[in-house]
Amino acid sequence: MNQVQESCCCKDCGTDTKSTCRAISTHVTPLRPSIRGIVFLGLAGLVGASDVVAEGNSTAAESKDACAISSLDNYSLSFHIAGVFILFAVAALGIIATMQLASADIQNQKAASVLARLLHLLKMFGIGVIAATAWIHLLPDAFGSFGNPCLDAGWARYGTGYVGVFGLIAAFITQLIEMAASGYNRGCHAKSLTDNSSVCAGHDVDNDGAELVRSPSGPIHSSDHDKDLSPDQTTVLVLVEQSTDSHEKNQSELPLLNSCPAIPPHDAGKVSLRDQARSHDTDSHTDVSSNDFSKEIATIILECGIMFHSLIVGVTLGVTPDDSYTTLLIAVAFHQLFEGMALGVLIGTLSMSLTSKRLLCLMYPLTTPLGVAIGITVRHSYNENGTNMILVQGIFNSLSAGILFYNSYTELMSEEVSHNAHFRGFTTGFKAACFSAMYFGAASMAILAIWA
């Protein structure tokens with residue numbers, strides 16, 4: 001202590017100066033350890049802060065690298081081009097074969113019954129495929145896109161909530177389109193029967209305003225039903241839709257007994273049974289035509305929803321390197337085959353012309369190969385983690401999921417199973433087979449989700 005104090009005071013200084021120096025040393029010396037601690041903590045804080053900044057810069061750099069375009073190595077152009085034709089052939093086989101089966105007109109009653117049951121099993125298989133596509137393929141992909149860390153901050157703020165938004169919008173739009181189209185066709189068809197108009201969607205109308213319909217014995221005119229009717233008859237012939245065993249496309253004449261009250265002869269001039277029969281017949285035709293047209297619109301919208309997803313799958317396949325391309329190609333091929341079978345059965349049971357059915361069947365097989373061709377073209381500039389690509393994939397998959405959800409439950413499961421009188425009339429064994437086919441279709445798509 002004395003040495004420190006002496007070192008602080010010069011020997012040549014005066015007595016007062018030395019006293020002041022000793023006093024200052026007495027108070028400063030005990031503070032030196034504290035000063036050292038403060039300096040040490042300060043230096044440690046600076047070092048820690050520099051480490052945090054360096055770690056933050058490293059994380060930002062890694063994030064930037066993860067969102068950058070990755071190099072495409074080991075890419076065989078010829079192999080990818082071959083995939084275009086493979087996918088087209090597989091999808092075309094699935095949709096055209098089942099469409100032709102569903103549209104076949106077999107005269108042998110036993111063979112027709114067997115074919116009808118086979119087609120119904122295929123339809124149930126297709127319902128399972130479509131439902132599983134929405135749940136297992138589209139929905140997770142949409143959530144993955146809107147949950148991607150490379151997504152723009154503005155979109156990331158709402159994040160995965162956009163999946164529900166776009167899916168709900170698609171379902172609402174689908175419902176509005178079906179309602180508008182059905183209402184228009186109903187009004188047009190009713191007007192054609194009363195005003196002798198020409199043709200409305202779904203059915204032809206002859207010059208007398210009578211609808212041309214198909215029956216097992218060939219085309220008949222609805223205006224022919226009331227030729228044999230007289231005012232005192234109480235039997236009215238109406239057109240009703242046949243069961244699924246007749247492919248849901250033929251209609252037959254069935255008697256509807258006591259559908260109208262007996263009209264006394266003296267009142268026949270006021271309200272004739274012929275007028276009541278024509279009115280009942282017109283309402284029946286309008287309902288059948290409107291229902292058929294609604295099914296056509298629903299099937300077309302369903303195909304569009306599947307095509308959105310198929311286009312995205314095709315682009316992804318087109319930019320996939322060879323090390324995982326083979327596995328993905330096989331999985332997508334089965335994916336296209338099963339979806340094509342489902343669509344083919346639905347298209348085949350529609351009441352539109354065979355040419356229109358073939359055009360619908362041609363649209364689907366072209367979609368995925370088109371996506372692959374786009375992917376091959378943009379493979380060097382394609383960035384799957386770019387904001388624009390993330391948004392395209394997320395929005396398209398969300399829209400497709402909404403469409404498929406709506407159609408799966410309101411158009412397919414509800415009308416074909418839950419609220420279908422023909423289905424409830426099946427035997428217990430055939431019902432079990434139908435449900436097994438639906439579950440098998442869903443399971444098949446669930447397995448394919450492991451690879452694609």
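A pocket here is an open set of grid points where a 1.4 Å probe fits, with protein on both sides within 12 Å along at least five of seven lines. The model is predicted, so please read everything below as computed from that model. The briefing begins with the second largest pocket, which holds about 470 Å³ of space.

**The second largest pocket**

- The lining of this pocket is made up of 21 residues, and those closest to its centre are Asp 141, Ile 312, Thr 316, Gln 393 and Asn 397.
- Four helices each supply at least two lining residues: H5 (109-146), H8 (273-318), H9 (322-348) and H11 (387-418).
- Which helix gives the largest share of the lining? That is H5, with five residues.
- Sorted by class, the lining has ten polar, nine nonpolar and two charged residues.

**H5 with H11**

- Two of the helices that supply the pocket lining, H5 and H11, also pack against each other, with their axes 8 Å apart and an angle of about 155°.
- Angles over 145 degrees count as roughly antiparallel, and H5 is therefore roughly antiparallel to H11.
- The H5 and H11 crossing is left-handed.
- In the contact of H5 with H11 there are 20 nonpolar, eight polar and three charged residues.

**H9 with H10**

- H9, another helix that supplies the pocket lining, has an axis that comes within 11 Å of the axis of H10 (residues 354-377), and the two cross at roughly 165°.
- That angle makes H9 roughly antiparallel to H10.
- Left-handed or right-handed: how does H9 pass H10? The crossing is right-handed.
- On the H9 side, the residues that meet H10 are Val 332, His 335, Gln 336, Glu 339, Gly 340, Leu 343, Ile 347 and Gly 348.
- On the H10 side, their partners are Lys 357, Leu 360, Cys 361, Tyr 364 and Thr 368.
- By class, this contact of H9 with H10 has six nonpolar, five polar and two charged residues.

**H4 with H10**

- H10 also packs with H4 (residues 77-103), at an angle of about 160° and with the axes 9 Å apart.
- H4 and H10 are therefore roughly antiparallel to each other.
- H4 passes H10 in a right-handed crossing.
- The contact of H4 with H10 has 20 nonpolar, four polar and two charged residues.

Terms used. Residues are numbered from 1 along each chain as its sequence is written. This is a predicted model: local features need pLDDT of at least 70, side-chain atom pairs count only at pLDDT 80 or more; totals for chains, interfaces and linings use all residues. Side-chain values use heavy atoms; hydrogens and water are left out. On a 1 Å grid over the protein atoms alone, a cavity is a set of points where a 1.4 Å probe fits but cannot get out, and a pocket is an open set with protein on both sides within 12 Å along at least five of seven lines; lining residues have an atom within 4 Å of a point. Grid points are joined across faces, edges and corners, and a volume is the space filled by probe spheres set on the points. Ala, Val, Leu, Ile, Met, Phe, Trp, Tyr, Cys and Pro count as nonpolar, Asp, Glu, Lys and Arg as charged, and the others, Gly among them, as polar. Axes are lines fitted to C-alpha atoms, for helices over the stretch in contact, and angles run from 0 to 180 degrees between N-to-C directions. Angles under 35 degrees count as roughly parallel, over 145 as roughly antiparallel, 65 to 115 as roughly perpendicular and the rest as oblique. A crossing is left-handed if the near helix is turned anticlockwise from the far one by less than a right angle, and right-handed if clockwise. Contact means heavy atoms within 4.5 Å.
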